[in-house]
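Look at the structure below with two topics in mind: the overall build of one chain, and the space that the protein leaves open.

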Number of protein chains: 2
Amino acid sequence: MTVLGFWDGERRYLARIAPPLAGRWTWRTTSDAAELDGRSGEFTAEPAEPAGSAESDRSPGHGVVRVNARFHFAHEDGTPFRPVGATVYNWIHQDEALRTETVESLSAAGLNKLRFMVFPQAGGYVEHVPELMPFEKTANGWDVGRPNIEFFRRLDSLVADLGNRGIEADVLIFDAYDRGAFGLNELTEEQDAAYLRYLVARLGAYPNVWWSLCNEFDQMTDRPTERWTRAGELLAEIDAHDHLRSIHNWIELYDYNQPWVTHASIQNGFATEALGRASLYRDVYGKPVVLDEIKYEGDCPERWGQLSGQELVDRFWITTSSGCYASHGESFVTESGSLHIVEGGRLRGESPVRLGFLREVLEGLNVPGLDPIDKWDDPACVVGTPREQYLVYLGREAPAEWTFRLPQGHGGDRLEVGDAFAVEIIDTWNMTRTPAPESFALTDVQRNDAYATGNAPLSLPEGEAIALLITRVPSAA
Amino acid sequence: MTVLGFWDGERRYLARIAPPLAGRWTWRTTSDAAELDGRSGEFTAEPAEPAGSAESDRSPGHGVVRVNARFHFAHEDGTPFRPVGATVYNWIHQDEALRTETVESLSAAGLNKLRFMVFPQAGGYVEHVPELMPFEKTANGWDVGRPNIEFFRRLDSLVADLGNRGIEADVLIFDAYDRGAFGLNELTEEQDAAYLRYLVARLGAYPNVWWSLCNEFDQMTDRPTERWTRAGELLAEIDAHDHLRSIHNWIELYDYNQPWVTHASIQNGFATEALGRASLYRDVYGKPVVLDEIKYEGDCPERWGQLSGQELVDRFWITTSSGCYASHGESFVTESGSLHIVEGGRLRGESPVRLGFLREVLEGLNVPGLDPIDKWDDPACVVGTPREQYLVYLGREAPAEWTFRLPQGHGGDRLEVGDAFAVEIIDTWNMTRTPAPESFALTDVQRNDAYATGNAPLSLPEGEAIALLITRVPSAA
């Protein structure tokens, strides 16, 4: 592995690595500076905490998250990672008390990814002036060759804090919301590259890092798309730890088919309002799709910030039932006139705890992820893995009963008469999980669908927001 | 312009051009064959028949169709082209009577694009053995250097026939349905390229040609995607007439963001079943989107061939209201045991005439095309051009009345109090167009929507499949 070194103040130069394997490692340095060149040494990496140990569910010990099963995620050690993320753009620029409250609140809710910007945000709802800036100021700009060590040490420690709580740090590298307030949007492409190298050198060894080039990149209307592509390609080239990489849109989608992109990070709340939409993105990109901005729970005047808790939770389940993932954000106007998505603090909404519940459901799955079973012809939009496990989301107002039916889908194992399934009734709002009293055995297997005609329809709590988790069980003898 | 020459039998060598400008043209040849090299001459191109002349609506005189207004199409002379296409894969391999009946039937219905394959189809529902094959047979394959002149002259004449009837020829170049029956799926990449050059040389000067590399390209599971990309890039390079270029999928979507692709040609009926789906493809590709296979009207046993006429017409209006285009196909089992989508003949379904009606509505638009006005936040999925013209599709069962509302959308002109609009009630099934008795003047213009509170709700034919065409008219003084 070749990792970049970096300057950490005074005469301190570091190189960081998260060893992908336990055992003895040797290292040597190359540098243009004679004093730093040709150094060498060795160290021993201890085995990571094993998956399934007491602490493992909330520990960074599972390693870097990468793409798994084409549309999903897993840690290096194979443990699936099911993103149910949060968004606090200007988090690192708040005071320590607020920063801590933010992380504790997200952690208590059970959210496991946080999108935040390195550079400070300007504009509406920003009520705090940042105390620390990333570089030394010059007469007419910033000296990216002189990083502010105090700033980046704080960043290190915040990323580590998230990791210790099992929260992935989805780092928004560049900033479309500077709007000339700080001038960090006016760095040249060369300066951007120097900063990117420094950031990757500093943070790359934290296993819980995800990279996102920018939030709403196309708000920077003077920056051609090719510049973003070059930045993404540089990122892929220099990051020896091969963290996840994406970029997030405003009006125009970035081309997530570009090879440097590992997953699509899309703003489009509309795509999460109804079943049958977000799944189209999967077909287009053949990569995991994360809907990272689907409007927010809150009461702010803008229409992007007025969802009820019910609406936002519904959008998450719709996204889940589209084979995709989503991120939370909260936009109640706070005492200071800000919003949680800007500065963080305690969560006020009704959705976070229910998203934590969704995460628990996802973490209990016995499949790598939920994929549309029959993407071209299933009004119910059933997701799962054929003949293993399925999720059916019945929306915010479930009917009084549900007749067992599974689609055959394309490829995968085909259902057979006699296959038996347990059904769990998941109340997505009231956060209950109720096993159906009996299992369902297939009696009528057709070309495209299968039915359990020997079973009566399953009674449901009518009018509640219900999902059904359907899991194969041993067939009766 | 550099056009390829081609052999047309015996000692006949041709080069064809559709001159993009009227006037005097000079030409000269280059060739490895001394006899064909260094020839020169000149000719005069007469002006094309002007747009708006008596014949012009159904004439090829408007020139090659290309992309217009990013998501739409127009002929070279600026006349918008609104595709409402048809599909008869194995059309050219039928006898003359059937071929003629096919074209006459499509023309009578008012369909204006036909997708068909050059190579013969094999497999289910194919009831005729082709009389002509494209190349001379060799001991163990085909000699692509010896095209069958009779075959290609027939192809010329069929493309010309379509053009004379105002039907674009959407030519499916390679064949995923050979399945070893003829061995045309086993040509090498070099042989494919030789054939492609010949086809482009022969057909490129017909203004009504569109190119599609293949129908359901990914049925050819042994052919890597890169091979398709190279074929598409070659096509873009050698076609001096710059016809439209795409490729059509089975399970896996091709990456329509590739530069050689002019528009997306997508199979996905599911995306046309409900509003809010197909429009997502537009955002992804930033190119015109044609849903070229959305299931068929018919009664064949496969579930792709069982739509009612109402369902298929509904899908076309949904696609239109998603800012996209669609193609028709028909799958009633015929006397011979075949289907219209395979061999053609007379149309039996209820949809074609109604699709001709849709085409008339589209051709009457005063905007280049219908774009989602507020792609992120409009449950009604209104399409059009802000402050000019709008279409609202109310689905197969319209309510008894409709309250005037227009979304503001992103960009474009903003609505103002006093703006006035005429509304036409379009019955998409009964094919009537009824002007609303009064115009609607905006009284309440909000940040995201505008209302005409001075008007009573518009009465509609409840339960019918209704669209509303809303056109700006001069405001009252």
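**Chain A and the largest pocket**

Chain A has 477 residues, and 59% of them count as buried, that is, they have under 20% relative accessible area. The model is a predicted one.

The secondary structure of chain A comprises 31 strands and eight helices. Its radius of gyration is 24 Å, close to the 23 Å that the globule rule gives for 477 residues, so chain A is as compact as a globular protein of that length. Among contacts in chain A with a separation of 6 or more, 69% are between residues 24 or more positions apart.

The second topic is open space. Rolling a probe the size of a water molecule over the atoms shows where empty space is left. The largest pocket holds about 1400 Å³ of space. In chain B, the elements that each give two or more residues to its lining are the strands β1 (5-7), β2 (13-15), β3 (23-28) and β11 (141-147), together with the helices α3 (189-203) and α4 (225-238). The largest share, five residues, comes from α3(B).

In total, 37 residues line the largest pocket, and those nearest its centre are B:Val3, B:Leu4, B:Gly5, B:Leu14 and B:Ala15. By class, the lining has 22 nonpolar, eight charged and seven polar residues. Domain 1 (5-45) and domain 2 (63-363) of chain B each supply at least three residues to this lining.

Note on methods
Residues numbered from 1 in each chain as written. Chains lettered and ligands numbered in written order. Predicted model: local features only at pLDDT ≥ 70, side-chain atom pairs only at ≥ 80, totals over all residues. Heavy atoms only, no water. 1 Å grid on protein atoms, 1.4 Å probe; cavity = no way out; pocket = protein on both sides within 12 Å on 5 of 7 lines; lining within 4 Å. Points joined across faces, edges and corners; volume = space filled by probe spheres on them. Helix = DSSP H or I, 4+ residues; strand = E, 2+ residues; numbered from the N terminus. Nonpolar A, V, L, I, M, F, W, Y, C, P; charged D, E, K, R; others polar. Domains from an automatic or database assignment. Rg over C-alpha atoms; globule rule 2.2 N^0.38 Å. Buried < 20%, exposed > 50% of the residue type's maximum accessible area, 1.4 Å probe, protein only. Contact = heavy atoms within 4.5 Å.
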